[in-house]
Amino acid sequence: MSLADSINRAEAKFADAGIETPRVDAELLVGWILNLSRGELQSALISGGAEFTSAQREQYETLAARRAAREPLQHLTGVAHFRNITLEVGKGVFVPRPETEWVTGLAIDAVRACASPEPIVFDLCAGSGAIGLAIATEIPNAQVIGVEKSVDAFGYTSRNYAKLAPTNGRAILADVADTPNDLDGKVDVVISNPPYIPAQMVPIYPEVALHDPGLALYGGEDGLDVVRVVADVAARLLHPGGTLIIEHADMQGEAVRRLLLDKGWSQVRTHQDFNSRDRSVSAIRIH
Ligand SMILES: C[S@@+](CC[C@H](N)C(=O)[O-])C[C@H]1O[C@@H](n2cnc3c(N)ncnc32)[C@H](O)[C@@H]1O
């Protein structure tokens, strides 16, 4: 069977399994096995310049079956691409999402606007480290600290920090509520993508419901339990004028604005994503 046939077969299998982007997933999987980017794979298909070895074909059959059973592609390849970085991911850690790349952009703008020559940034609920590490690599003069509670996730957080931000990043294993206080009042930007799904709303995608850790998804009855803690911890970390940015679900815009206003935050603003959905909130610490 040619490589093109293998991709077509995987595409059909993935479509039957209900995967929304069967062609993309088939190409990414085959490209990963051959160590080719998607663009390189596509040009190799045109020139006829790539084929599987028999070991690669066996690997492909196994991984395609696992993907068709709705295991996340990133768990099969062990990597997730996020903005300009490649993160190690797998079982036990949340796979970073495209919408978070955009929320991270808001934090990057806020850090770039800081007067400080070495802005200090906290990424609360760090998971793989995606947000904090994108900031640390895009703004090398920033000092970034990621806080993550899950021991399983923290293995990935700490390895990704060591690899991608060895000099300007630090990962801390702690509950957000126990974030160390040595930098209280000195931090420029706090960003968080906390768990925010209401407990009774189980996600429909098997990749999420079965493979993302529950601790990464669910935020209590209204989904905002950890958001409340993040808001309180950010209030002690930030200096006056510092910025807080929190990602949330599209139906939570008003509730999160209200929560922050009730806690005394200023300039509370909802930001919409490219689909015009409420996706994140920013606020400034005044006092
Ligand atoms: C939605 S995931 C986001 C991960 C990462 N920031 C990202 O955007 O890909 C939420 C993360 O918060 C962590 N978490 C949940 N509750 C926490 C808490 N109380 N303190 C610290 N981390 C927590 C979870 O383990 C998970 O890694």
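Here are a few notes on this predicted model, covering a helix pair, a loop asparagine and the ligand site.

1. Start with helices α2 and α3. Helix α2 spans residues 22-34 and helix α3 spans residues 38-47. Since angles of 65 to 115 degrees count as roughly perpendicular, that is the label for α2 and α3.

2. Who touches whom in that packing? On the α2 side you'll find V24, E27, L28, V30, G31 and L34, and they meet R38, L41 and Q42 of α3. By type, the residues of this α2–α3 contact split into 5 nonpolar, 2 polar and 2 charged.

3. Next, have a look at N168. You'll find N168 in the loop that runs between α8 (151-164) and β5 (169-173). Is N168 buried or exposed? With a relative accessible area of 7%, N168 is buried, because anything under 20% counts that way.

4. What does N168 touch? Leaving aside residues up to four places away in sequence, the contacts of N168 are A136, I139, P140, A142, Q143 and V144. With P140 there is also a polar pairing: a polar atom of the N168 side chain is 3.2 Å from the backbone oxygen of P140.

5. Now the ligand. It has 18 residues around it, and the closest are C125, E148, V176, N193 and A216. For E148, an N or O atom of the side chain lies 2.6 Å from a ligand oxygen.

6. A polar backbone atom of A126 is 3.4 Å from a ligand nitrogen, and a backbone N or O atom of K149 is 3.3 Å from a nitrogen atom of the ligand.

Technical notes. Residues are numbered from 1 along each chain as its sequence is written. This is a predicted model: local features need pLDDT of at least 70, side-chain atom pairs count only at pLDDT 80 or more; totals for chains, interfaces and linings use all residues. Side-chain values use heavy atoms; hydrogens and water are left out. Axes are lines fitted to C-alpha atoms, for helices over the stretch in contact, and angles run from 0 to 180 degrees between N-to-C directions. Helices (H or I, at least four residues) and strands (E, at least two) are DSSP runs, numbered from the N terminus. Angles under 35 degrees count as roughly parallel, over 145 as roughly antiparallel, 65 to 115 as roughly perpendicular and the rest as oblique. Contact means heavy atoms within 4.5 Å. Ala, Val, Leu, Ile, Met, Phe, Trp, Tyr, Cys and Pro count as nonpolar, Asp, Glu, Lys and Arg as charged, and the others, Gly among them, as polar. Buried means under 20% relative accessible area, exposed over 50%, partly exposed in between (1.4 Å probe, protein chains only). A polar contact is a pair of N or O atoms within 3.5 Å; within protein, one must be able to donate a hydrogen and the other to accept it, and residues adjacent in sequence count only if both atoms are side-chain atoms. A residue is near a molecule or strand if one of its heavy atoms lies within 4 Å of it.
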